[in-house]
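Visitor: I am new to this structure. Please pick one part, take me through it closely, and then show me some other places along the chain.

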Amino acid sequence: DSNQDTLGVVHALPKRVRQRILDLAKNQFESGLTYHVYYPLTGEGGFPSYAKEKMVWSSDDHLWLILSVCEYIKETGDMSILDENVNFVEGSSASLYEHLKRSIEFTLNNMGKHDMPLLGTSDWNDPLSLPGPNYAAESVWVAMMFHKVLLERTELCKEYDRDKDAQKFAALANKTKVHVNETAWDGEWYFRAYDDSGNPMGTSKCKEGKIYLNTQSWAVFSEIASKERGIQCMNSVEKYLDTEYGLLLLAPAYSRYTPEIGGVSCYVPGLKENASIWSHANAWAILAECILGRGDQAFNYYRKLAFMTVNRRAEIYGAEPYVYAQTIAGRDHPDFGWARQSWLTGTAAWMMKVATNWILGLRPQYHGLLVDPCIPKDWANFTVVRHFRDAVYEIRVENPTHVSKGIKEVTVDGKKIETNLLPVFADGKKHTIKITMG
């Protein structure tokens with residue numbers, strides 16, 4: 001969670017984000033495992049009280065460090081953070097670059113019989129515990145996240161002149177992509193996981209919990225899915241998970257406690273992880289639609305959780321309209337649309353990211369600022385000012401033919417350039433950019 005939080009503020013607080021990343025890396029063990037809980041005031045970490053003696057880890061925790069480091073470097077250009085010497089929990093130390101390698105090694109050393117990452121105590125979905133005597137549950141979603149991490153590591157290694165590592169990670173990413181598509185595709189969407197007995201969940205054969213949101217959005221975000229499959233699984237999201245108040249985390253809801261499913265089936269249908277509208281996960285769906293180029297759909301999902309929208313239904317929403325709620329009661333609950341756990345969510349960082357990086361399309365890269373909007377077709381234009389590496393980019397985007405995606409022409413300070421990757425000026429000056437979509 002702390003790594004994800006940095007994504008929303010790295011553009012504004014790069015020095016503090018740098019220090020937070022190094023602090024978080026200190027909560028990693030030599031094996032690559034990380035603590036699940038982090039205490040900022042002391043810098044210490046721990047595991048949650050519900051964790052069992054065996055598998056006392058969440059299968060995604062250690063991988064978020066890689067994504068936060070890559071985003072930090074793309075924003076700042078500061079490769080020196082990789083050379084920082086950082087302690088492990090045991091007391092030994094290594095460069096941050098080595099810490100990132102250990103993260104990947106931990107996943108590789110903890111794979112299940114379907115060659116998917118072992119779930120451990122959970123993954124991003126905390127109560128999706130899938131308990132059992134074998135400790136053999138596997139997460140398809142973490143496999144997708146692992147693929148995304150491997151792609152990011154490949155690119156980072158090239159920038160850091162580690163060509164052998166880049167080749168290794170690229171080959172591993174390709175292997176992961178092929179495997180997930182061969183084994184976890186259900187015809188219209190992707191599985192969510194395998195339970196302790198090896199049975200797939202989140203499939204059309206399940207009576208409850210047939211389809212989960214995250215493996216569809218992350219299939220696109222992680223680049224696991226082909227364009228055709230990406231469209232298919234996100235169409236399934238719209239068909240089975242879309243509601244007037246946002247996207248459900250899964251459907252249908254679990255109607256009773258199911259031992260092999262675990263904690264997620266303990267909740268009342270339509271609340272919390274049991275088929276509520278989970279705001280954090282909605283952000284990833286918006287991002288996926290932007291990647292697919294479907295700007296109207298992306299903005300439709302974005303608008304359903306936007307503050308002005310929820311304020312118009314305040315008597316139903318029942319929470320502060322100016323801050324995201326963790327969950328909104330789903331359609332299986334009598335108080336459908338009722339928001340709870342406001343402030344207690346990582347949604348704000350991701351909504352900031354999808355609004356600026358994906359809808360407006362301003363994405364920092366290692367060698368410049370990419371402009372690649374995905375907007376509703378009826379938007380005629382927009383202007384945005386972006387501070388990036390000691391320069392100010394005043395960007396005017398025109399959409400004369402009313403498309404959602406596509407760049408026809410780019411000018412920088414009155415001169416036409418042949419790419420939508422704007423250069424790094426780093427000169428303390430303001431630069432005027434005009435983008436024509438088409």
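**Helix α7 and other places**

Guide: Helices α7 and α8 cross in a left-handed way. Keep in mind that this is a predicted model. Let us start with that pair.

Helix α7 covers residues 214-221, and helix α8 covers residues 227-241. Their axes come within 9 Å of each other. They cross at roughly 150°. Angles over 145 degrees count as roughly antiparallel, so α7 and α8 are roughly antiparallel to each other.

Which residues of α7 and α8 meet? On the α7 side they are Q216, S217, A219 and V220. On the α8 side they are G230, C233, M234 and V237. By class, this contact has 5 nonpolar and 3 polar residues. No charged residue takes part in the contact of α7 with α8.

Now turn to another partner of α7. Helix α5 packs with α7 at an angle of about 15°. The axes of α5 and α7 are 9 Å apart. Angles under 35 degrees count as roughly parallel, so α5 and α7 are roughly parallel to each other. The crossing of α5 and α7 is left-handed. From α5, the contact takes in V140, W141, M144, M145 and K148. From α7, it takes in N214, T215, W218, A219 and F221. The residues of this contact divide into 7 nonpolar, 2 polar and 1 charged.

Is N214 buried or exposed? Its relative accessible area is 2%. Buried means under 20%, so N214 is buried. Leaving aside residues up to four places away in sequence, N214 touches W124, W141, L249, A281 and W284. A281 is 67 residues from N214 in sequence. In space, N214 and A281 are 6.6 Å apart, C-alpha to C-alpha.

Helix α5 leads on to α4. It is among the elements that the buried residues of α4 pack against. The others are α2 (14-25), α3 (61-76), β3 (85-87), β4 (93-95) and α6 (163-183). Helix α4 runs through residues 96-108 and has 13 residues. From its first C-alpha to its last it reaches 19 Å. That is close to the 18 Å expected at 1.5 Å a residue. How many residues of α4 are buried? The count is 10 of 13, so the helix is mostly covered. L96, Y97, H99, L100 and K101 are among the buried ones. R102, S103, I104, F106 and T107 are on that list too.

Helix α6 also holds H179. H179 is buried, with a relative accessible area of 19%. Beyond residues up to four places away in sequence, it touches H114, D115 and M116.

Next come the loops. L130 lies in the loop between α4 and β5 (138-139). Its phi is near 45°, a positive value in a residue other than glycine. L130 is buried, at a relative accessible area of 2%. Its contacts, not counting residues up to four places away in sequence, include L119, A137, A193, Y194 and D195. D196, M201, E260 and I261 are touched by L130 as well. The C-alpha atoms of L130 and S197 are separated by 9.4 Å. Along the chain, L130 and S197 are 67 residues apart.

A426 has a positive phi too, near 50°. This residue is found in the loop between β21 (421-422) and β22 (430-437). A426 counts as partly exposed, at 45% relative accessibility.

One last stop is a peptide bond. A251 and P252 are joined by a cis peptide bond. Its omega is about -15°. P252 has its place in the loop between β11 (250-251) and β12 (277-278).

Terms used. Residues are numbered from 1 along each chain as its sequence is written. This is a predicted model: local features need pLDDT of at least 70, side-chain atom pairs count only at pLDDT 80 or more; totals for chains, interfaces and linings use all residues. Side-chain values use heavy atoms; hydrogens and water are left out. Axes are lines fitted to C-alpha atoms, for helices over the stretch in contact, and angles run from 0 to 180 degrees between N-to-C directions. Helices (H or I, at least four residues) and strands (E, at least two) are DSSP runs, numbered from the N terminus. Angles under 35 degrees count as roughly parallel, over 145 as roughly antiparallel, 65 to 115 as roughly perpendicular and the rest as oblique. A crossing is left-handed if the near helix is turned anticlockwise from the far one by less than a right angle, and right-handed if clockwise. Contact means heavy atoms within 4.5 Å. Ala, Val, Leu, Ile, Met, Phe, Trp, Tyr, Cys and Pro count as nonpolar, Asp, Glu, Lys and Arg as charged, and the others, Gly among them, as polar. The expected span of a helix is 1.5 Å times one less than its number of residues. Buried means under 20% relative accessible area, exposed over 50%, partly exposed in between (1.4 Å probe, protein chains only).
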